[in-house]
Amino acid sequence: MTLLEVEDLNVSFATPRGTLQAVQGVSFELEQGKTLGIVGESGSGKTVLSRAIMGLLSRHSATQTGSVRYNGVEILNAPNKQLRTLWGTQIAMVFQDPMTSLNPVLRVGHQISESLKIHLKLGKAEAKETALSLLMQVGIPSPVERYDAYPGQLSGGMRQRVVIAIALACAPRLLMADEPTTGLDVTVQAQILDLLSSLQRDRQMAMVLVTHDLGVVATRTDEIIVMYAGNVVERAPTRDLFKRMAMPYTEALLRSTPRIANPSHTRLISIEGRPPDLLNPPAGCPFAPRCPYVQEKCQREKPPLVEANPGHSYACWFPLDTAAVPQGAASS
Amino acid sequence: MSNVAPALAVAATPPVVEDNVVKKKLGLFFWICVGWIALIVVLAIIANLLPLPNPTFQNYNAPQNAGPAWGHILGTDDLNRDIFSRLIYGSRVSLIIGFLGGAIGMILGGVPAMFSAYRRGRVDTFLNTTSYVLLAFPAIVAVIGIVSFWTPRNIWKITLIIGIFGAPLIFRVIRASTLSYATRDFVTAAKALGASDTRILFKEIFPNLVPTIVSFGLIAVATIIVLEGSLAFLGLSVQPPTPSWGNMLYEGSQLLQGSSGQTNPWLVYFPAAAMFSLLFCLNMVADKLRSYFDVTEVKL
Amino acid sequence: MGKYIAKRVVLLIIIIFFVSVAAFFMVHLLPGNPAVTILGPNATPQNEAILNHTLGLDKPLYEQYFIWISHVFRGNLGQSFTTHNTTVSVIKNAFPIDIELIVISQLMALAVAFPMAIVASRRPNRLFDQISNSATFGLLALPPFVITPVFVLIFAVTWHVFPGPSSYSSLTSNLGSNLHDMILPSIVLALGSIVVYFRLLRNDLISTLQEDFITMARSKGLSDRRIMWRHALRPSSVSVLASMGVTIAGLIAGTFVVESQLQLPGLGYQLIYYIGQLDYTVVQGIVLVVAVAIVIINFCFDFLFTIVDPRIARE
């Protein structure tokens, strides 16, 4: 059952220096119970994408075109009143930095039970009970004490668990997780991600997992979208993506992920160059300046997103299995 | 400066902008205000050259407490003196006390602040604590006390007193600003190149302070003008018959209290309007300058 | 936290000490001889010398200071030379007026500034915000000494809406009439405070509304109203609270002005009067009381601030 459909979503911002194209022509579908991973560097537009889908962008600053349908109902550019009927109860978001996404002057328990009281109309005692059980579900020890704590008194990992508890309070069907582990210790990251996966399985939620770390999405997603400079450059079911990467950027991303298994003092590989200027996108493929396989055509024309194999699309003139040798080779 | 709170608190909290397209122009309104201030200053300077009736002495030929009429475009006051002429001559008091007093405060407070903030150490701690303690004593009370006993009052004494009492607050503001620059890397870089402290202060740090000094300085001037005006209203500023806007409001208010039933609304409205216009323009110019130079204000 | 309080109290004591020294010396170091004033036409050199000795004015200044301070601790602030009222009684009668003025004016200012700031911060830089910002500039240019005579002229003399000068009746004698008297001066004093509170709250609200936890609250499906009142206002009100101490200190000059114009017998009025009489005992006493009051008010607000926001105490 298709829960979320995104079609040709474009998001741009008007700035003093021109129009900034943050998201260009993104389309995908997400079914109930499935997980979609959105991967990209900072500046790739993935956060803007997740906020746009949820409808959290300010209508004054962002121009959004295209279509976002939840359960068949169009929600892009919908009035806040309509969105509020979805937020919390149908769609919820887990934010990146739990220190700033929790209100520092309100107690943790109150922030959880708030949605319960408002959306589910629970009484005070009932709400507290439910909140306590939520705290247990997200793995917080001695929830009764933690209930009255302020966010500043909890560790980073615990705060993020609280954020998850808040998001899940009213049992939403779609969870958007925007870099949920980026600010956390490496050891805690795995725990949080496992927690998210198990909660998702238990509740049959659909989940969108946004991250810059390919390693995070490798085992926890059903499908992956790779974004670069606001465009989708590759999309595939997870296994296919790792088995047969098409886009050079995806390959570069994978190679730059440091691995514990590598011998110590292995050189850290980074992708040379910088992301393009989103104000004046150059002609041609956005990755061209940094691509080790770049050819003349890449710099001239922007490759469209084509679905070569079923379920696997990419935007590249010379995808990896057909690419010639790296830079310097004769152009086709 | 206990009268400080509104204007200085405003100056200390720059407005947060949540707009996409931020215009960084000063705007027409800004220049109008600058022009108005300049006009007042110029008129004050050249007052002697203008064909104005005598502003200080009672003129038995003129009507008393009259409204605007041909010979006296803004009317006359209780002692038959022309209001318009008094306004022009009177502006000198506000301007001198405001700008000169402000300058005194800036030098007494600002210069030590720069050195103190840059050098840190025990001198800085001492000066900082002293300024904190000095600020605890409501300056207006002290000024009132000293001004009332140090007779005969003249404009220079008042300027000096107000300037001195303004120094602690100016010290704190300039010190805070200097601190924020002194810790930056470009200063460290200059030190590493072997620049002397004075050179660093004046060549590296000071240019960054100029916007703060100018806009805060204008606010300080406005505050001092208000302080002097309050003093005048209490009868404690320059003595009559010297014209000053504060004095005129004092006379106007005295008439309101009098049992003679005679009031002179022109003696109230015109000086009030003049004062309002000057203060408004000063605050507006100060604020526009501050927002023009404040790079942290733009938010996408 | 306790250490922080102790530090502040010590500082408070030092400041009060300094204030008392300043109050004393300010009056004594200035030219003018009280003996001459008191004696008036009887001021012969012998009489002067006798009076100086009686008043203890021939002792060295620091000794005079300690005598005075020891009296103060016993509640004796001296007596007026001219009216023979004790300083304490003068202050006791005058103080409540100032307190009333401050309370009413600040309540008025908050009542105006809060709603204005809430509405303005919802749509920053749109019409309402721009209008209110410009209006605050206007208010800044209308300090008490400018606006009071204008108000009196309009409302008391021309329109007879509010009472004019010298018609004050005290709180206890006639509540309705007293409040009626207080409205005009309170409005005058409130004007400046409105600017401060509005600016601070508006800026703080706009900053807070851009924080992540507000976006998170929105994503929970909470209404804008709830977000404003429950989530945004609380952290933002802190700055307003903190500024109240300074704002009240800034009201002094304005209070003196309105009292002078409307002849309200508050501390300002009395101070000016006794200064005119060259009655330094009372002047000293009033200066001391006013200065200490301001210091203590500031201290209390600082303290409140740390309770509301415990992070400050840790710094």
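Two residues are in contact if their C-beta atoms, placed from the backbone, lie within 7 Å. This is a predicted model: local features need pLDDT of at least 70, side-chain atom pairs count only at pLDDT 80 or more, and totals for chains, interfaces and linings use all residues. Residues are numbered from 1 along each chain as its sequence is written, with chains lettered from A and ligands numbered from 1 in the order in which they are written.

Start with chains B and C. 49 residues of B touch 58 of C. Which helix of B gives the most? H10(B), with ten residues. Helices here are DSSP runs of H or I, at least four residues, and strands are E, at least two, numbered from the N terminus. B's side divides into 34 nonpolar, 13 polar and two charged. Nonpolar means Ala, Val, Leu, Ile, Met, Phe, Trp, Tyr, Cys and Pro; charged means Asp, Glu, Lys and Arg; the others, Gly among them, are polar.

Now A against C. 19 residues of chain A meet 14 of chain C. H4(A) gives the most, three.

The contact includes B:Phe30 and B:Trp36 of H2(B), and B:Leu278 and B:Met284 of H10(B). Its residues split into eleven nonpolar, two polar and one charged.
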